[in-house]
Amino acid sequence: MTADEIQLMEDKQVPKGKIDLIGVGRLGLRIGINLMQVHRGGPKVIGAFDGQEISGGDVIFTLLGAEIGEAKPDFLKRLCTHDEDFRKIESNCQYITDDNIDLIDGDVVIIVIAGGNTISTASKIIKHAHERGAKTIGTAGIFGFGNEDIEIKDISEYDDSNPAIEELRAQGITENHLILTTHKLIRDNEPVTPYTLDEVANIITMNALKLLRDQND
């Protein structure tokens, strides 16, 4: 292989496209940090969306140097030390509504919002992304002590035993949406552990990068 051939391959392995991260909580922060660190590829732009501010209970944030009251997307942006010409964080310190959903314009959209019933909002985001030709990834229960069998596949491949998935289907999301789950939900009275979040974040990152590559090849 010649030096010119090697250079041509290296020229292809640069950041391309955009990944939107909807939710910058404990899981979203982990995914955002993963994406920031990708070398030889990955997203050119990461869009971070969340209307919440950091509180004392957000220990992973404060361990990394966050200030109480700081907006979560702003903190993710502050962590990114890349030159913006290489990789840029777009901080959107707001929740997604019908009025601002057009801000979501990534090639891949990761939906990791939490708190209450988020199915209606998630389904609107998925439909909006699909209309634009974007790929989507979300979750349907990531509870568990830490030894769960984490599964990720298209929503069309799951059976009817997960009520979160069934609610999404009832909202019209029946295919072309990747879902990750530990098969444990809030009803199971099990915690969400940091090591489970680490593993979930890693799996979501890997799959998002594969989708991004496919979108930009």
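1. Helix pair α2/α4. The α2–α4 crossing is right-handed. In a right-handed crossing the near helix is turned clockwise from the far one by less than a right angle; anticlockwise makes it left-handed. The two axes come within 10 Å and cross at roughly 25°. Axes here are lines fitted to C-alpha atoms, for helices over the stretch in contact, and angles run from 0 to 180 degrees between N-to-C directions. α2 and α4 are therefore roughly parallel to each other. The classes are: under 35 degrees roughly parallel, over 145 roughly antiparallel, 65 to 115 roughly perpendicular, and the rest oblique. Helix α4 covers residues 72–79.

2. Basis of the model. This is a predicted model, in which local features need pLDDT of at least 70, side-chain atom pairs count only at pLDDT 80 or more, and totals for chains, interfaces and linings use all residues. Residues are numbered from 1 along each chain as its sequence is written, and side-chain values use heavy atoms, with hydrogens and water left out. Helices (H or I, at least four residues) and strands (E, at least two) are DSSP runs, numbered from the N terminus.

3. Helix pair α5/α6. Helix α5 spans residues 119–131 and helix α6 spans 163–170. They pack at an angle of about 55°, with axes 10 Å apart. α5 and α6 are therefore oblique to each other. α5 passes α6 in a right-handed crossing.

4. Salt bridges. The structure holds 13 of them. The criterion is a side-chain nitrogen of Lys or Arg within 4 Å of a carboxyl oxygen of Asp or Glu. Glu190 and Lys184 meet through their side chains at 3.2 Å, N to O. Glu190 is buried, because its relative accessible area is 18%. Lys184 counts as partly exposed, at 23% relative accessibility. Buried means under 20% relative accessible area, exposed over 50%, and partly exposed in between (1.4 Å probe, protein chains only).

5. Within it, Asp20 pairs with Lys18, the closest N and O atoms being 3.3 Å apart. Asp20 and Lys18 are both buried.

6. Another pair to check. Lys153 forms a salt bridge with Glu151, and the closest N and O atoms are 3.0 Å apart. Glu151 counts as partly exposed, at 25% relative accessibility.

7. Positive phi values. Which loop holds Arg40? Arg40 lies between α2 (26–36) and β2 (45–49). Its phi is about 60°, positive although Arg40 is not a glycine. Arg40 is partly exposed, with a relative accessible area of 41%. His183 is in the loop between β7 (178–181) and α7 (194–216). Phi of His183 is near 65°, a positive value in a residue other than glycine. At 41% relative accessibility, His183 counts as partly exposed.

8. Nonpolar surface patch. Val59, Leu63 and Leu64 make a nonpolar surface patch of about 300 Å². Patch residues have over 30% relative accessible area and no salt bridge; like charges are joined within 9 Å, nonpolar side chains (Val, Leu, Ile, Met, Phe, Trp, Tyr) within 5 Å. Accessible areas come from the Shrake-Rupley method with a 1.4 Å probe; for residues, only the protein chains shown count as cover. Leu63 lies in helix α3, residues 59–63. Leu63 counts as exposed because its relative accessibility is 69%.
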